[in-house]
Amino acid sequence: MSAVDRTRDIGEYVPAQDDDMIVCRCEEITKGEIRRAVHDGMYNVHEVRRLLRCGMGLCQGQTCARLVKSIVARELGVRSLEDATARAPMRPIEMSVFANDGGGE
Amino acid sequence: MKRYDLIVIGAGPAGLSAATEAASHGLRVAVFDENARPGGQLFKQIHKFFGSKEHKAKIRGYDIGRELLKEAESLGVEVFLNAPVIGLYAEKEVVARHADGVRHYKGDTVIVATGASENMLTFEGWTLPGVMGAGAAQTMMNINRVTPGERVLMLGSGNVGLVVGYQLIQAGCELVAIIDAAPRVGGYGVHAAKVARTGVPFYLSHTVVRAEGTDRVTGVTIGEVDASWQIIAGSEKHFDVDTICIAVGLSPSTQLLKMAGADMAEPAAGAGFLPVCSATGETSISGLYASGDVSGIEEASSAMIEGRISGVAAAGKLGFADAETVETRLNALETALSALHEGLFAPRNRGKSVPLTDEGIDNSQHLLKNGYLADDEVAKYPGVKRVSGVHPIIECTQNIPCNPCQDACPKQCIKVGANIVALPVFDETSACIGCGQCVAACSGQSIFLVNDDIGDNLASVTIPYEFLPLPEKGDVGTALDRSGTPICAATVTDVRAAKAFDHTSLLTFSVPRDEYMRARFWKKGAAV
């Protein structure tokens, strides 16, 4: 993960008309919550995800990862932004199944 | 830990091709897929593929899927279904979920062929039931045999939007419009034309303003966008629909590669991160390959070749194939792949306006703006020659990699040549017998047979027809022009359905002689 430049001035959070639009459907996170999180200091998608849980629901960000990334990038005024960290389990899995680790058998 | 020479993640076109290729060189191969059925998107593809014979052109996607599966099975490839890979670790350790628990496997080589997921777009009401990805609608129709709705708006005029739009009509839905924020149709002109002539309007430079409804979609408002993508006030249009399909591109499913630690890079700032790969798809991690859409979005035809390239590279790496065998095979595969990377839709032309075809003829702007050719420009193209008697009219006007028409004609009337993106040329000196093989063989449904004089001041037009129920000889209906506008009464004079046509029936109808160059579709009943 690349270092985050927190000295950059991205200006004040300005409320927008579509701030109440849901972006992450699984965790019901709105565009306004994501925008506010950036202005609260979450300068990349990892931090936004940890704070809000967007992309951590049932679909694991299949639908919203790209949308969240574009909102965060626009708020920061950058074109390019790293994707969130990819971790196992890559697909939602019940704990009972996950715990039944057959190893290499 | 169970060990395989090669573990392939994803049983789609790239994954199955990789597995088959590797197994043919003697590798012990396992394929994991999260779905209940193998094939990835192939079994949803009910249209005929483009390309040449070696790309399996004119074969429908599901038949290509069946062929690939049979080949994989006969070579002893183990396919694990309902087995999502949940992690890819150092030393190519693959962890898969099975019904009741997780198991660990070790691949001496691993090919990640996880494909892509659909992009979504947000607008007011986008979370209402009835808003869905075009791919989801296609799964509902072609896999689960249910229609997603009755009246549908398609957002996106790329090949996915056009192909799924056409399939919605085939499934019996009413497609009210295809819209796109871009000023030009993004997909193949022939795909657009086959939708437009059924009467579906195209709204370019338009996007969705809002989906309407309280607990489900009951309507949609679209609006025209200006150069900075803002809605132009007063340009709004409303449609009563119960379904809005979104076809605004795909994103490679690269998570496993990222997790494994493969280097990722953006081809251009903001374009999205892709694995950094060699020509054989090998990532920065030795023996770990990325193949198909996961390494960059293309068509299934390219994915199948990319899969084979990675498959043979893995065979070479592990010593199952000697350097010479690998090189010969790679050369052949790379030649086949580069043929698909030529023409108007070549990667280097992406996002560019190309004014002329390779032959120096104007690329139809009318087609790009409206989804169909203007009547007065059709004759410019080398597949269109007006002679007496029965002969084909080939309305294939863009340089796309495709040539089944050339082989289809038993009289050698049609020539594409060695360069498969060249426009087909109709040789008016050869003797067309009106067999219709070319009409059925054209994956773009852009070949029509006409006969300018069948007596009684009538002409006949034969069109490819892929809708059910099939009309019958003697049915009275209306001929539509390329825009889908009714132009005259038309009586069905012949309906041909042969096994060789592979579900493309040939519908022949008669029209007044002065209408045969305009009539391109037929609908039952009198014009309203």
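Biologist: Hi! Which residues touch the most other members in the largest nonpolar core?
Modeller: In this predicted model, they are B:Met154, B:Leu168, B:Leu175, B:Phe202, B:Ile463, B:Phe509 and B:Val511, out of 52 residues in that core. A nonpolar core is a set of buried Ala, Val, Leu, Ile, Met, Phe, Trp, Tyr and Cys residues joined through side-chain atoms within 4.5 Å, and buried means under 20% relative accessible area with a 1.4 Å probe, protein chains only.

Biologist: Which helix gives the largest share of this core?
Modeller: Helix H4 of chain B, residues 159–170, with five residues. Helices are DSSP runs of H or I, at least four residues, and strands are E runs of at least two, numbered from the N terminus.

Biologist: And what does B:Leu175 touch?
Modeller: Leaving aside residues up to four places away in sequence, B:Leu175 touches B:Val152, B:Met154, B:Gly165, B:Leu168, B:Ile169, B:Val195 and B:Val200. Contact here means heavy atoms within 4.5 Å.

Biologist: How many residues are in the other core?
Modeller: That core, lying apart from this one, has 40 residues, among them A:Val23, A:Ala37, A:Cys54 and B:Ile179.

Biologist: Switching to chain A, what pattern does it follow along the sequence?
Modeller: Chain A reads β-β-α-α-α-α, with two strands and four helices. Of its 105 residues, 38% count as buried.

Biologist: Any numbering or confidence rules?
Modeller: Residues count from 1 along each chain as written, and chains are lettered from A and ligands numbered from 1 in written order. Local features need pLDDT of at least 70 and side-chain atom pairs 80 or more, while totals for chains, interfaces and linings use all residues, and side-chain values use heavy atoms, without hydrogens and water.

Methods:
Buried means under 20% relative accessible area, exposed over 50%, partly exposed in between (1.4 Å probe, protein chains only).
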